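Hi,

Here is the structure I promised to pass on. Have a look at it first, and my notes follow below.

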Amino acid sequence: MSHYAGPLLTLPLAQALLGARDSGVAEWTASMDLGRAEAPVTLRTDTWQWQGQAYPYPGKLKDRTIYFWDGEDFSSVSQFSGSLIKLVPTPWGAPTFEIDGIKMLPTSKESPFEDARRKVALVEPRGKVVLDTCGGLGYFAACCLEGGVARILSFEKNEDVLWLRTLNPWSPDPDAASSEGRLSLTHGDVSQAITAIPDASVDALLHDPPRFGIAGELYSQVFYNELARTLRRGGRLFHYTGSPNKLTSGRDVPREVAKRLEKAGFKTELALDGVLAVRR
């Protein structure tokens, strides 16, 4: 799917846009791509112009919502196909996303993009072939590209999440010149697709699955055995687990994950909010 190149609005940005118009200025500078870059905006009485195209001023917008121009109006970046999936702004520029109101990426202390950058650094992607099991918004993949990866194989099961990616300027576009053909993004279930990946054919792994209650198969011994099979000896894996409350859940998910990975043939240690493992 091709990536959207039009403006993206949030409630605070729309309020600032209307405030600039009402102050009588003819030109205003702002970021219309969630903080990626700033550009001039020409302000007229009934329309505003950005990158050579005119748009009407937005009507009533909701907070915690991102809007894109659908050709007729500003529509929210959300889809409902059994679950409500929504791109959500953050103070950091790079958005997160929610499924039925549950936030999928950590944003309380830093940008989800910076969070991804720290985790990707643990597997040292430069010059490597990396398997990204659950692509999400693609922040792991973007940081791998930034870090000089040779090739990254990324899978995403949810078609609506793939659609969100086409509207998110922080998500890497496999077809963009900047990706240099190094990103392969597949719409598919990695728990099934991994069986077709050859033995010891990847140098590093990034595994950021949904929580256990949603995708238990991605925490199974069978799946971890497949991860070990595809990874060369000495290769690194970062497995995001989050930090679920043991008192309320009754489980220590990071240590459960570490034990299963060790059984699959990894040496493990707890790192950041997950498990760092090395293939023995």
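Into which domains is the protein chain divided? There are two: domain 1 (8-76) and domain 2 (112-279), with bounds that come from an automatic or database domain assignment. Before the details, some ground rules: this is a predicted model, where local features need pLDDT of at least 70 and side-chain atom pairs count only at pLDDT 80 or more, while totals for chains, interfaces and linings use all residues. Residues are numbered from 1 along each chain as its sequence is written, and side-chain values use heavy atoms, with hydrogens and water left out.

**Between the domains**

The centres of domain 1 and domain 2, taken over C-alpha atoms, are separated by 36 Å. In contact terms (heavy atoms within 4.5 Å), 7 residues of domain 1 meet 5 residues of domain 2. The two domains bury about 500 Å² between them, 70% of it on carbon and sulfur atoms; buried area here is the accessible area (1.4 Å probe) that two parts lose on being put together, summed over both. On the domain 1 side, Leu34, Arg36 and Phe68 lose the most area to domain 2, together 71% of what that side buries.

**The cores**

A nonpolar core means buried Ala, Val, Leu, Ile, Met, Phe, Trp, Tyr and Cys residues joined through side-chain atoms within 4.5 Å. Buried is under 20% relative accessible area, exposed over 50%, and partly exposed in between (1.4 Å probe, protein chains only). The largest core has 35 residues, and Val77, Phe97, Tyr139, Leu164 and Leu206 touch the most other members. Several elements supply at least two residues each, including helix H2 (112-123), helix H4 (159-167) and strand E16 (231-240); helices (H or I, at least four residues) and strands (E, at least two) are DSSP runs, numbered from the N terminus. Helix H3 gives the largest share, 7 residues. Both domain 1 and domain 2 contribute residues, so this core lies between them.

Leaving aside neighbours within four places in sequence, Val77 has contacts that include Ile66, Phe68, Trp163 and Leu167.

A separate core of 26 residues includes Ile194, Leu261, Ala264 and Val275. Val275 sits in strand E18 (residues 274-279) and counts as buried, at 0% relative accessibility. Beyond its neighbours within four places in sequence, Val275 is in contact with, among others, Leu237, Pro254, Leu261 and Leu270.

**Salt bridges**

How many salt bridges does a search of the whole structure find? The total is 17. One of them joins Glu146 and Arg117, with the closest N and O atoms 2.7 Å apart. That pair links distant parts of the chain, 29 residues apart, with Glu146 in helix H3 and Arg117 in helix H2. Both ends are partly exposed: Glu146 has a relative accessible area of 45% and Arg117 one of 28%.

Glu180 and Arg182 also pair (3.2 Å, N to O). Here Glu180 is exposed at 57% relative accessibility, whereas Arg182 is buried at 13%.

Then there is Glu226 with Arg229 (2.8 Å, N to O). These two are 3 residues apart in helix H6 (residues 221-230), so about one helical turn separates them. Elsewhere, salt bridges with shared partners join Glu110, Asp115, Arg118, Lys119 and Asp273 into one network.

Cheers

Notes. Salt bridge = Lys/Arg side-chain N within 4 Å of Asp/Glu carboxyl O.
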